[in-house]
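I opened this structure to look up a few points. My notes follow in the order I took them.

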Amino acid sequence: MIDFENSVLGFVMFVLGVLFLIYTIRSKQKDGKDQFGNLIEMYFGAIGLILMGLFLFIREFIKIW
């Protein structure tokens with residue numbers, strides 16, 4: 001049986017990760033400065049949100065089959 005909360009949480013995490021990644025790319029294009037390497041950490045955070053969201057979302061839908 002599907003855990004609806006995990007699938008919704010995974011989808012929300014995926015969407016937030018994509019939005020966070022888009023925001024980070026746009027801010028990098030606007031400023032062009034990354035003095036302390038903070039953007040690298042933001043990229044890894046966004047990619048981590050995307051991966052964890054996909055993991056939760058796909059894991060719940062594999063249970064259907």
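**Entry 1: Glu60**

Is Glu60 buried or exposed? I looked it up: Glu60 counts as buried because its relative accessibility is 0%. The cut-offs for relative accessible area are under 20% for buried, over 50% for exposed and partly exposed in between, with a 1.4 Å probe and protein chains only.

A note on the source: this is a predicted model, where local features need pLDDT of at least 70, side-chain atom pairs count only at pLDDT 80 or more, and totals for chains, interfaces and linings use all residues. Residues are numbered from 1 along each chain as its sequence is written, and side-chain values use heavy atoms, with hydrogens and water left out.

I placed Glu60 in helix α2, residues 38-62. Helices are DSSP runs (H or I, at least four residues), numbered from the N terminus. I then listed what Glu60 touches, not counting residues up to four places away in sequence: Ile2, Asp3, Asn6 and Ser7. Contact here means heavy atoms within 4.5 Å. The side chains of Glu60 and Asn6 also make a polar contact at 3.5 Å. That term covers a pair of N or O atoms within 3.5 Å; within protein, one must be able to donate a hydrogen and the other to accept it, and residues adjacent in sequence count only if both atoms are side-chain atoms.

**Entry 2: salt bridges**

How many salt bridges does a search of the whole structure find? I got two. The rule is a side-chain nitrogen of Lys or Arg within 4 Å of a carboxyl oxygen of Asp or Glu. Side chains of opposite charge can pair when their charged atoms come close.

Glu60 pairs with Arg59, with the closest N and O atoms 3.8 Å apart. Arg59 counts as partly exposed, at 35% relative accessibility. Glu60 also pairs with Lys63, and here the closest N and O atoms are 3.5 Å apart. Lys63 is partly exposed too, at 46% relative accessibility. Shared partners join Arg59, Glu60 and Lys63 into one network.

**Entry 3: helix α1**

I checked the length of α1 next. It has 28 residues and reaches 41 Å from its first C-alpha to its last, close to the 40 Å expected. The expected span is 1.5 Å times one less than the number of residues. Just after α1, I found Gly32 with a positive phi of about 80 degrees.

Which residues of α1 are buried? I noted Ser7, Gly10, Met13, Gly17, Thr24 and Ser27. Their cover includes α2.

I took Ser7 as an example. Ser7 counts as buried, at 6% relative accessibility. Its side chain reaches the backbone oxygen of Phe4 at 2.8 Å. Leaving aside neighbours within four places in sequence, Ser7 is in contact with Ile2, Phe57, Glu60 and Phe61.

**Entry 4: the nonpolar patch**

Phe4 also lies in α1. I found Phe4 exposed, with a relative accessible area of 62%. With Val8, Phe11, Val12, Val15, Leu16, Leu19 and Ile22, Phe4 makes a nonpolar surface patch of about 720 Å². Patch residues have over 30% relative accessible area and no salt bridge; nonpolar side chains (Val, Leu, Ile, Met, Phe, Trp, Tyr) are joined within 5 Å, like charges within 9 Å. Areas come from the Shrake-Rupley method with a 1.4 Å probe, and for residues only the protein chains shown count as cover.

**Entry 5: after α2**

Last, I looked at Ile64, in the segment after α2. Ile64 is partly exposed, with a relative accessible area of 48%. Ile64 and Ile2 are 62 residues apart along the chain, and their C-alpha atoms are separated by 7.0 Å.

Technical notes
Helices (H or I, at least four residues) and strands (E, at least two) are DSSP runs, numbered from the N terminus.
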